[in-house]
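Subject: Handing over the structure

Dear colleague,

I am passing this structure on to you, and below it you will find my notes on what was found in it. Please read them with the structure open beside you.

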Amino acid sequence: MRHVLKRAGLGMAAAATWAGLVAALAGCTGDGGLDLGIGGKGGSSGDTIRVVPEDGAKGVAPDDPLEVRVPSGRLERVTVRKVEDAQPAEVAGAVSEDGLRWRPAAGTRLALAAKYSVDAVALDGHGRRSARHTTFTTAVPEHRFIGYFKPENRSTVGTGMIVSFGFSRPIENRAAVERAIRVTARPPVEVVGHWFGKERLDFRPRELWKPGTQVTVDLRLRDVEAAPGVYGIQHKTVGFTVGRSQVSLVDAEKHTMEVRRDGRLLATLPITAGAPKTTTYNGKMVVTELFDVTRMNGATVGFKKKDGKGEYDIKDVPHAMRLTESGTFLHGNYWAPASAFGSANVSHGCVGLRDVKGGSAAAPAGWFFDRTLIGDVVEVVNSRDRKVAPDNGLGGWNMDWRRWKAGSALR
């Protein structure tokens, strides 16, 4: 799903190779570099934007307080949405006249057994932008369970999209739950489930989806007993469409990214990947979130100074595309020296593309962002790191078909 508005794309003539721009491009830096962490996760004291409920909160009651606020400056935009549901919906609300607070419309009640995302962008008194992204889930009735799933109903996704369920309670009877979820495709293709522990079940075909495939997900979890005395409540059908194929190959040694659309090379972009001590994962990764601007704080993922603060804390990272759950992004960079992109790996593990402060559709990062779908594949090769784990984001394409099928409870 998209938490932000996408920028208008450039014409196809702009897809020419960016090799001539190498000398003018820059990447992530060791002292201000990016990678892991997004949205001030964890609500550190340095957060400009405060969100209630806190990030990752569970069991929120429908009438609990919901608020976004800043101590000064003003909120530029706030979007609160019910996500990973058959009927995603935006929560109505408004920013106060002084610009310091957002609250939902009078009488608003959140849905039970739902997941919500909060995306906010604020400006301080000097016009500097900061962003925050959080999520929380509301209470699930006692002795019931629910599956939160990706992708969104009726969405158009890239060919690497994996149908992923996260359950609100541990699943003991995995065969019964897997049997109650049916994923089918038109044109037909075998789709198999794979369990990662007791709370996650992913589905994918043997190979990447073919462009134009229509995928239907039938959930028949109502009254299915997942654990002793714990029953499902969902009975619905959702679906999505597979769009064009776009697979991008990042070569960490060559410092380039080849972008291919339906097998045809669109562009070769200069990049910077992880520095020798903070290398980038190898392997196939799938874009799972897109943000036109977001905050990245190293303290949220262990990159801390002696005082406990993050090695970096950049509040307005442009054109950020999440690749792993642990925090690997492909993102725009406006703060690093021009010598990095195309020539050196200096980030904290992310793949960086040159950008400008505030983001530009004409920059390499903006160009790529405007042509990216949730579900697109980004593969990294020749990095001095291990292959990304299959359960880190939608990394299941790094597992061969035999092992994937062995993870089904129905085999």
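Leaving aside its neighbours within four places in sequence, Pro211 is in contact with Thr159, Val242, Gly243, Arg244, Ser245 and Asp262, where contact means heavy atoms within 4.5 Å. Of these, Ser245 is 34 residues away from Pro211 in sequence, while the C-alpha atoms of the two are 6.0 Å apart in space. Pro211 itself sits in the loop between β16 (200-205) and β17, and helices (H or I, at least four residues) and strands (E, at least two) are here DSSP runs, numbered from the N terminus. With a relative accessibility of 47%, Pro211 counts as partly exposed; buried means under 20% relative accessible area, exposed over 50%, and partly exposed in between (1.4 Å probe, protein chains only).

Before you go further, please note that this is a predicted model, in which local features need pLDDT of at least 70 and side-chain atom pairs count only at pLDDT 80 or more, whereas totals for chains, interfaces and linings use all residues. Residues are numbered from 1 along each chain as its sequence is written, and side-chain values use heavy atoms, with hydrogens and water left out.

The peptide bond from Val52 to Pro53 is cis, with omega near 5 degrees, and Pro53 belongs to the loop between β1 (50-52) and β2 (57-60). The bond from Arg186 to Pro187 is also cis, with omega near 5 degrees, and Pro187 is placed in the loop between β14 (181-186) and β15 (191-195). Ala113, in the loop between β7 (101-104) and β8 (115-123), is not a glycine and yet has a positive phi, near 50 degrees; Ala113 is buried, with a relative accessible area of 6%. Asp223 likewise has a positive phi, of about 70 degrees, without being a glycine, and is found in the loop between β17 (214-220) and β18 (225-227).

Turning to the strands, an open sheet is formed by 4 strands in the order β25-β26-β27-β28, with mixed pairing; two strands pair if DSSP finds at least two bridges between them. Because β25 (289-297) and β28 (351-354) stand at the edges with a single partner strand each, one side of each is left without a neighbour in the sheet. Within the sheet, β26 (residues 313-322) and β27 (residues 329-333) pair in the antiparallel sense over 2 bridges, and Arg322 has Phe329 of β27 as its bridge partner.
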